[in-house]
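Here are some brief notes for a colleague opening this entry. Please keep the display in view while reading the points.

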Amino acid sequence: MPPKSKAAAVAAAEPVSVEDLFTTIHRHIQADEFAQAASVADQVLKAAPGDEDAVRCKVVAQIKADEIDKALAAMRAERLPIDLSYYKAYCYYRQNKLEEALDLLRGQEETAAILQLESQILYRLGRMNDCINSYEKLQKFKIDSMDLKINIIAALVAAGRASEVQAAMKALKVDLTTRALRDARSFELAYNSACSLIENKKYSEAKEQLDLSKRIGKEELMVEDYGEDEIEYELAPVSAQLAYVQQLQGQSQEAMQTYVNMINRKSADSSSLAVATTNLISLKGTKDAADSLRKLDRLIEKSTAPNQLQLIENLDFKLSPRQKEALYSARVLLLLHANKTDQAHELVSGLLGMFRDSVFTVLLQAAVHVKEKKVQKAEEVLNQYAAKHPENSTGVLLALAQIAANANHFQLAADSLSKIPDIQHMPATVATLVALKERLGDSNAAASVLDAAIQWWKNSMTEGNKLDVFTREAAAFKLSHGRDEEACVLYEELVKSHGSIEALAGLVATAARTNLEKAEQYEKKLKPLPGLKGVNVEALEKTSGARHVEGPQDMKVDVPEEVKKQKAKKRKRKPRYPKGFDPANPGPPPDPERWLPRRERSSYRPKRKDKRAQVRGAQGAVTREAAVSNAGGSSKGSQTTSSSKTPAANTDQPKASNKSRKKKSRS
């Protein structure tokens, strides 16, 4: 190795100034060389230990280089008077230690950076309303950032406040026209807007926004020199959402094909694959439950801890709480259909800890109890939730009513339906309540349900009023239960309001039982039926009516002469004889019984049966009577008497052949 030159040795001995080192750090950061920037920051700290700017440069460079552990270690090692809580919180956020990150931000000054990080942490935790509050605080800083607008819309949709998206976009001055989105190069904004439209059930408009998002996304990624596979991978969330819209619009085959292609080709990120898998399973239903379970097992990690659930590839942090709940719920339902009740019970126990106060988890718990034939336990679980959360218990009360009705607990089913005010006067609810009250034998309560529904619809100003339907059904119900006067009043109301023929006929028939004068009055309004003018009603009433006559009766029908002549004219055909047959010399006539079975012919004589009794059994068997007779030494006469009483043949003698039987019968 050649010796170093004198100039090089002098240069090595001379220390580099801190200013030059910071210049080098700045140059590395501008070139996205973050690892080199962190290394130079270490040189600064050697020259100037505890330099605050050097520590910040080192920590930020390590975070940019995705060396989160090294950044945390550096912040722990350096004991400085400066507060690095923001950087620590960001490192915890990157490590998905969300609660620790949020604790570090508490009490900090609400700067734009702090609020942005806080909103991201709250979004990841699923606390959407708190997330929106943080975004609202951010607006006072007047940050005109497209990313901020995208995140605000996403938070509103995830919080179930999609109806507020349009107003929020106007406040943020968001232009959703095609040209504006192309200029802004933001397919994410169009995607989030489509999600809000889906929540508002505007599927056609949502599909247009998703198509636009896909077109803009392709243009953006092609400009950045992405390949076809990379573009497909990046736009997988848009493709999955398009398939979901098709699924909602009833285009099941198209949606299923998209899901299958994404899963088989793995042309999507893990969260999009999880969404595609869950939606595909919902499309397939209970068909091939084993295959659906295998697909879900690829998304769930095996855990030895009881009731502990973990998704693969950090899906716990990539999926929203609603998406995770749908995925786990699909697995529970598949386990129930596969009769794996123990596994379903264990999974539901874990879900109760993960999704506290969730309606769907409680419904799954009740379903498991019903599968285990513990109906009372299921009713108890649903009752407790409904009492604790009355404002969010519509689905729970409906499930409770169904379970109770199937178990013949009619009173509980009726009480559950009566606790849902929103659907109390809907036709299906009223019909179910009336049927339940009738099962309980309380016709008065059933009539009260109908009366309450009629009164509600009388005061209702909604479109599609059902007053005439309920009035007609109530009149028929009361008429069948002997309440003729009440039924008559209802029919009269129907006639005055609608004037239908059916109502008028019902009124006449009902009033004939209670008020004959009214019946005659309304009977005059009925239109006479055609063909009844020549009928003498009084003579018809005096007749005893039609009588049933046994046996077939001859009916005389006048047949026209022309028809008789047509029937008489039949074409005579020349008979066809067999080959070689002479009609002049036909010979003896054939036997008329030649086509009958032999047993049915008059000449048949059955063979005489051998009247001697036979013993059925193994060869050499002896009857009980013969054995007793031989043992007691009885006489021949006694043997004959016993054989006459019990028809048993002597098995020591061989059976006569058919030939000998014929000879005996002839003698």
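1. In which loop is Asp 288 found? Asp 288 sits between α18 (residues 270-284) and α19 (residues 289-297). Keep in mind that the model is predicted.

2. Look next at the backbone of Asp 288. Its phi is near 55 degrees, a positive value in a residue other than glycine. Why point this out?

3. Is Asp 66 buried or exposed? Asp 66 is exposed, because its relative accessible area is 52% and the cut-off for exposed is over 50%.

4. Now the overall build. The protein has 37 helices and 0 strands. There are 667 residues, and 33% of them count as buried. The accessible surface comes to about 44,100 Å². Carbon and sulfur atoms hold 50% of that surface.

5. The largest nonpolar core has 52 residues. Which of them touch the most other members? They are Val 59, Cys 91, Ile 121 and Tyr 135. Val 59 is in contact with Ala 71, Ala 74, Met 75 and Tyr 87, leaving aside neighbours within four places in sequence. Another core, of 33 residues, lies apart from the largest one. Its members include Leu 417, Ile 454, Phe 470 and Leu 490.

6. Thr 341 is in helix α22, which covers residues 341-354. Why does Thr 341 count as buried? Its relative accessible area is 17%, and buried means under 20%, so Thr 341 falls in that class. What does Thr 341 touch, not counting residues up to four places away in sequence? The partners are Val 368, Lys 371 and Glu 372.

How values were computed
Residues numbered from 1 in each chain as written. Predicted model: local features only at pLDDT ≥ 70, side-chain atom pairs only at ≥ 80, totals over all residues. Heavy atoms only, no water. Helix = DSSP H or I, 4+ residues; strand = E, 2+ residues; numbered from the N terminus. Buried < 20%, exposed > 50% of the residue type's maximum accessible area, 1.4 Å probe, protein only. Areas by Shrake-Rupley, 256 points an atom, 1.4 Å probe, with all protein chains shown as cover. Contact = heavy atoms within 4.5 Å. Core = buried A, V, L, I, M, F, W, Y, C linked by side-chain atoms within 4.5 Å.
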